[in-house]
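Here's a friendly tour for anyone meeting this structure for the first time. Have the sequence and the 3D view open, and follow along.

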Amino acid sequence: MGHAVPVLIRRVDEDDWPIVRDVRLRALRESPDAFGASLAREERFTEAHWRMRLRTSPTWVAVDDDGAGRGLVSLVPEPGSPEDDRHVVSLWVAPESRRRGLGWSLLDTVVRAGAEEGARTVSLWVLDDNAEAVDLYVRAGFTRTGEKHVLPRDPSRTEERYERPASPGGLVG
Ligand SMILES: CC(C)(COP(=O)(O)OP(=O)(O)OC[C@H]1O[C@@H](n2cnc3c(N)ncnc32)[C@H](O)[C@@H]1OP(=O)(O)O)[C@@H](O)C(=O)NCCC(=O)NCCS
């Protein structure tokens, strides 16, 4: 685990909004069931929306040698959660780049960033039927909290909150 991948993970700022938009819309098209967000809504976002999102949500993009975005993750304060928690959202790796450790590296990046921001914990929500993601999170040291939601758009599916310590050493620290 954690082996090097020929992809650079880069913290983006608001001027990088076009690549973030492209990767995010591809993620929502490719994995509509993994995310609570609506593709139709984000397709209508203007430049100002993307810039505002990037100003309020620290975001990292995984960029290939050819400049193409291959992955995405953001770290946000979750409304209603403790001040010293940071919340992982939008984690996605392009299908052609999966199972090479990129999801692990993106998570490692946000667990370190959370620690740098002074967070005590890093949390996330994952659907119980998303086996790839649950497997990744458990291996990355996230544990179940028992806090569950039923998906409003499909009450047969549930999601659960997972948590792990923020750590300056990342996933192995
Ligand atoms: C979940 C996701 C981010 C994993 O990205 P990835 O780059 O393939 O993950 P990694 O290569 O770093 O895998 C790390 C570990 O996660 C687990 N894992 C990843 N994909 C898996 C799969 N298809 N089946 C089982 N375990 C898997 C394994 O433990 C894996 O380690 P291994 O390859 O040594 O067995 C990716 O599958 C994805 O983008 N899925 C769609 C969007 C999504 O579900 N996002 C999360 C929303 S909460």
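## Starting from V88

Which residues does V88 touch, not counting residues up to four places away in sequence? The answer is V73, L75, V110, V122 and L124. Before going further, keep in mind that what you're looking at is a predicted model.

As a general point, nonpolar side chains tend to be buried together in soluble globular proteins.

## The sheet

Now look for the strands. Seven of them make an open sheet with mixed pairing, and reading across you get β1-β2-β3-β4-β5-β7-β6. At the edges stand β1 (7-12) and β6 (143-151); each has a single partner strand, so one side of each is left without a neighbour in the sheet. From one strand to the next, the twist averages 25 degrees.

Let's zoom in on the β1 end. Strand β1 and strand β2 (residues 59-64) run antiparallel and are joined by six bridges. Along this pairing, I9 stands opposite A62 in β2, and V12 stands opposite T59. T59 has a partner on β3 too, namely S74. Strands β2 and β3 are also antiparallel, with five bridges between them. They form a hairpin with four residues between the strands, where G67 takes a positive phi near 85 degrees.

## Helices across the strands

Helix α1 (residues 17-30) lies across β1, β2, β3 (69-76) and β4, and runs at about 95 degrees to β3. Helix α4 lies across β1, β2, β3, β4 and β5 (121-127), but its angle to β3 is about 30 degrees.

## Around the ligand

How many residues surround the ligand? There are 21, and the closest are A34, R98, G103, W104 and L136. By class, this shell has eleven nonpolar, four polar and six charged residues.

Where do they come from? At least two shell residues are supplied by each of β4 (85-93), α4 (102-116) and α5 (131-139). The largest share belongs to α5, with six residues.

A34 is one of the residues closest to the ligand. As for E159, it sits 32 residues from L127 in sequence, yet the two are 3.9 Å apart in space, C-alpha to C-alpha.

Over in strand β6 you'll find T145. With 13 other C-beta atoms within 10 Å, T145 is partly exposed too, because exposed would mean 12 or fewer. Apart from neighbours within four places in sequence, T145 is in contact with R161, Y162 and E163. T145 and E160 are 15 residues apart in sequence, with 7.4 Å between them in space, C-alpha to C-alpha.

Note on methods:
Residues are numbered from 1 along each chain as its sequence is written. This is a predicted model: local features need pLDDT of at least 70, side-chain atom pairs count only at pLDDT 80 or more; totals for chains, interfaces and linings use all residues. A residue is near a molecule or strand if its C-beta atom, placed from the backbone, lies within 6 Å of it. Ala, Val, Leu, Ile, Met, Phe, Trp, Tyr, Cys and Pro count as nonpolar, Asp, Glu, Lys and Arg as charged, and the others, Gly among them, as polar. Two strands pair if DSSP finds at least two bridges between them. Axes are lines fitted to C-alpha atoms, for helices over the stretch in contact, and angles run from 0 to 180 degrees between N-to-C directions. Two residues are in contact if their C-beta atoms, placed from the backbone, lie within 7 Å. A residue is buried if 20 or more other C-beta atoms lie within 10 Å of its own, exposed if 12 or fewer, and partly exposed in between; C-beta atoms are placed from the backbone.
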